Protein chains: 2
Amino acid sequence: MNGAESLVRTLVGGGVNVCFTNPGTSEMHFVAALDKVDGMRCVLGLFEGIVTGAADGYGRMTDKPAATLLHLGPGLGNGIANLHNAKKAASPIVNIVGEHASFHIKYDAPLTADIEGIARPVSHWVKTSPSAKTVAADGAAAIAAASAAPGQIATLILPADTAWNEADGVAAVPAIPARAKVNEARIREAADILKSGKPTLILMTGHVLLEKGLALAGAIAAKTGAKLLTQLSNKRLERGAGRVPVLRVPYVVDMAVDTLKEFQNILLVGAKPPVSFFGYPDKPSEQQAPGTVITRLAELEEDAIDALARLADLLGAKEKDAAFQAAKRPPMPTGAITLDSLAASLGALLPEGAIVVDESVTTGRGFFPLTAGAPPHDWLNNMGGSIGFGTPVGTGAAIACPTRKVICLVGDGSAMYTIQSLWTQARENLDVTTIIFANGTYQILKGELAQVGAGNPGRKAMDMLEIGRPDLNFVDMARGMGVPGRRVSSIDEFNKALQSAMQESGPKLIEVMMR
Amino acid sequence: MNGAESLVRTLVGGGVNVCFTNPGTSEMHFVAALDKVDGMRCVLGLFEGIVTGAADGYGRMTDKPAATLLHLGPGLGNGIANLHNAKKAASPIVNIVGEHASFHIKYDAPLTADIEGIARPVSHWVKTSPSAKTVAADGAAAIAAASAAPGQIATLILPADTAWNEADGVAAVPAIPARAKVNEARIREAADILKSGKPTLILMTGHVLLEKGLALAGAIAAKTGAKLLTQLSNKRLERGAGRVPVLRVPYVVDMAVDTLKEFQNILLVGAKPPVSFFGYPDKPSEQQAPGTVITRLAELEEDAIDALARLADLLGAKEKDAAFQAAKRPPMPTGAITLDSLAASLGALLPEGAIVVDESVTTGRGFFPLTAGAPPHDWLNNMGGSIGFGTPVGTGAAIACPTRKVICLVGDGSAMYTIQSLWTQARENLDVTTIIFANGTYQILKGELAQVGAGNPGRKAMDMLEIGRPDLNFVDMARGMGVPGRRVSSIDEFNKALQSAMQESGPKLIEVMMR
């Protein structure tokens, strides 16, 4: 058994059953090993941003790592932006990055690069395997690193000769430690704050946003009068009818500050202290009111659900008292395409079990209220802020959850970053409906120009924010990659297109003309 | 004047007149400054791989840097692969990378990343500007660094507050040192080798491949019997009728070794000792024959043309005796699409002054002989081996040389990496004809599978090399980005499509069905 086969067998043995890839010469032994080993599904992306984003989506939905297989430094480089997003989301990923044969590196051939240097800013764990004998153990260590709570990026660099030389066999993955429990003092401290009667916010992100954590938070809120919010962006939020509904801290600084100003205490559960997305000349980076006391109940990697359960016990809070969301769909909207009518249509049509991947940027900021009462579904946000997140993450989520409908909400500017996702969706016949909000502009930047005080832009500046000259046609592009698409210019057309996409399986694209 | 304006004025004053960009919030002051300062053309790309590749193409054709303007770590990350290619090509580029306001970095907001860490593997020079007062001087230093022979990647990181705070004014670019002269001892050593009568190869790359350098090399070859070759890949080769023709070292190791085995001496002019693109289990990394003596005449950054002139003088070699290429076009081919008929069609139709950007991978390896006698033109190769190079570099070359026809030869797999280039070509109405060789496969990898000894791949492995399920349709994709396209399935159709593209101006796409 060569090193590549020992690694693939170690991955499969360690529960890594999916490999997103765009391989090259240095990875050919790994690719060849795929035919010798059962249990690894290999999914090709036409660009590495698709590969790494798909691994993020897969990791979010399964809570276990997929592998990526990438071609040397530049292949990893192409995947960096979505690895950045995945790292910020604490998604578990095992990157396998091919490298020149160890004897060849010194020649500085065209593809030679500082792979570890490229990997480090987007990885929690980086190692170059020194020989075929160590590849299996290094792969097992990478799985362990990736699986450590709350989820990490592990990058294993594989010189080609470590793949083709003879290996010693398969390695077992070390036991993954369970999430650490929060100590009793912090539980009691939180209870004291909640019993103080002072206005208190429980600010959450991470695994606490699964149904059980929300129910516990809802119980505590019902008992104590505390308010619940999530961070602006979250890895995976379980929401919809029968779950405890929760809104997000707004993106716009003034709105966030206004939302947070009433609280004398903020209790962090997984979340970080609320900070602005960007720094602005005359706006605060820290969004809580002056004097607000911030107290941490649980770190992101700790067992926040257990902590809330113990806190609820201490407070005598009961889940049955939580304010669960009633099943309630808005009426099907008519008339013009507006942000609200789009939200209503989604709220009216979201199917049970839908996975919504939200890169709708400016369009979707108000989608939460009207979709809150739809059947239970998941909502995934971009946590790293690098656009080109949506369609790759939707691709990976669909691989992870083949029986669920994936709905990608994507701005046109974001969609163009990683449009190649559509081809992988067509090839794998994934049940993904991609909704492009085509406003022909980097709309968010028009607001940002004013926020940063660079106001009154001239034509040259505005040109850099407009992507409607020439007009993009996403239906044409989708057809070119094997995905059927429809362009809609009224909310009635949107309703029909969405309804039909929800009733059929397979990849679809809806281009919503927003102007 | 704020820091952003001081930087833009410094760039323009330093001869940087083009900025390829995809900006975000942290770059808004820079964008706003563009309207206040004349002399900077700003070109938007829908993905940063387009932006950095375009800067590479521009730098190659003008021998001076364009600026890029990129959005924090992930924006730079998206540009890494083509910066890797540009670094290997020694193209001059000034990257301006926005960063959070300095007071905001410590909050670890979503887009916070180790930008210097991401920049370093693909930059010769990296600096984070500490204040608005230093931005102009740092910009001038970046231009100087980028302009140092043979061309470098300089990355200046610009915290947002250094852009919006008050600056001190504009900075002047330090004088750029001329290329260093080769010392006399090396000229004499080279002359001795060439006079020895032993079979000698002059192996070249870099600025020596401009018309004048080739003429001098041709004179020396005529006088001494030395053979001429270029590296496999070159930044810019001036070729065609009236110039000294030169072939490249082949990609395939066995062919390269066979080509080089006759030489007892290899004289390096800009080039590196010939090394294989990849290391293979049973093939050499060093391609020269055992016993071949390798001697360096000129480093890449030295004045190789001056060195050849002095060497020619010492040898009594005259340019007029060089073997210049006769004007000679092959007859227009008929029949099937083959590698040779495509080469013949190109040879028959290449217009004078064409800039050929070659990312044709397996298809174009044999294009040189039949295009050698076409009117004078330039040929640009990928020097870093990261695919997705062709269409961005063609975009930048067209911005650099608006009166010349750019012809991009691109494999379908490569084209999909950076297909967004087409939109920028449409927006700027660039005179680029993109020819996609659609074989529906990563053809090169099928050869590589055998070369690395991973042979006899099964279905799962072969699936990772096939991109024809579903079929891509580049004409649809091009239409979706505003570029008219034609799909051709016979060489007659190809001849007609190419002829018409050569006669009209503006962006065009030809999809050549290779199967």
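**Exercise 1. Decide whether B:V361 is buried or exposed in this predicted model, then describe its backbone.**

Step 1: Count the neighbours. B:V361 has 23 C-beta neighbours inside 10 Å. The cut-off for a buried residue is 20 or more, so B:V361 counts as buried.

Step 2: B:V361 sits in the loop that links strand 13 (355–359) to helix 14 (367–371) of chain B.

Step 3: Look at phi. The value for B:V361 is positive, about 50°, although the residue is not a glycine. As background, most residues other than glycine have a negative phi.

**Exercise 2. Repeat the analysis for B:N429: what is its phi, and how exposed is it?**

Step 1: Phi of B:N429 is near 50°, again a positive value in a residue other than glycine.

Step 2: B:N429 belongs to the loop between helix 17 (421–427) and strand 16 (432–438) of chain B.

Step 3: Within 10 Å there are 14 other C-beta atoms, and B:N429 is therefore partly exposed.

**Exercise 3. Find out which residues B:L314 touches beyond its sequence neighbours.**

Step 1: Start with the location, which is helix 12 (residues 304–315) of chain B.

Step 2: Leave out residues up to four places away in sequence; B:L314 then touches B:I187 and B:A191.

Step 3: Check one of these pairs. B:L314 and B:A191 are 123 residues apart along the chain, while their C-alpha atoms are separated by 7.2 Å.

Step 4: Classify the residue. B:L314 has 17 C-beta neighbours inside 10 Å and so counts as partly exposed.

**Exercise 4. Work out how helix 1 and helix 7 of chain A pack.**

Step 1: Take the axes. Those of helix 1 (residues 3–13) and helix 7 (residues 135–147) of chain A come within 8 Å and cross at roughly 30°.

Step 2: Name the arrangement. Because angles under 35 degrees count as roughly parallel, helix 1 of chain A is roughly parallel to helix 7 of chain A. Their crossing is right-handed.

Step 3: List the partners. From helix 1 of chain A come A:G3, A:S6, A:L7, A:T10 and A:L11, and they meet A:V135, A:A136, A:G139 and A:A140 of helix 7 of chain A. Sorted by class, this contact holds 5 nonpolar and 4 polar residues, with no charged ones.

**Exercise 5. Draw the strand order of the open sheet in chain A and say which strands stand at the edges.**

Step 1: Write down the order. The 6 strands run 2-1-3-4-6-5, with parallel pairing.

Step 2: Read off the ends. Strand 2 (41–44) and strand 5 (125–128) of chain A each have a single partner strand, so one side of each is left without a neighbour in the sheet.

Step 3: Check one pairing. Strand 1 (residues 18–21) of chain A joins strand 2 of chain A in the parallel sense over 4 bridges; A:V18 has A:R41 as its bridge partner in strand 2 of chain A.

Technical notes:
Residues numbered from 1 in each chain as written. Chains lettered and ligands numbered in written order. Predicted model: local features only at pLDDT ≥ 70, side-chain atom pairs only at ≥ 80, totals over all residues. Axes fitted to C-alpha atoms, helices over the stretch in contact; angles between N-to-C directions. Helix = DSSP H or I, 4+ residues; strand = E, 2+ residues; numbered from the N terminus. Parallel < 35°, antiparallel > 145°, perpendicular 65-115°, else oblique. Left-handed = near helix turned anticlockwise from the far one by under 90°. Contact = placed C-beta atoms within 7 Å. Nonpolar A, V, L, I, M, F, W, Y, C, P; charged D, E, K, R; others polar. Buried ≥ 20, exposed ≤ 12 C-beta atoms within 10 Å, placed from the backbone. Pairing = 2+ DSSP bridges.
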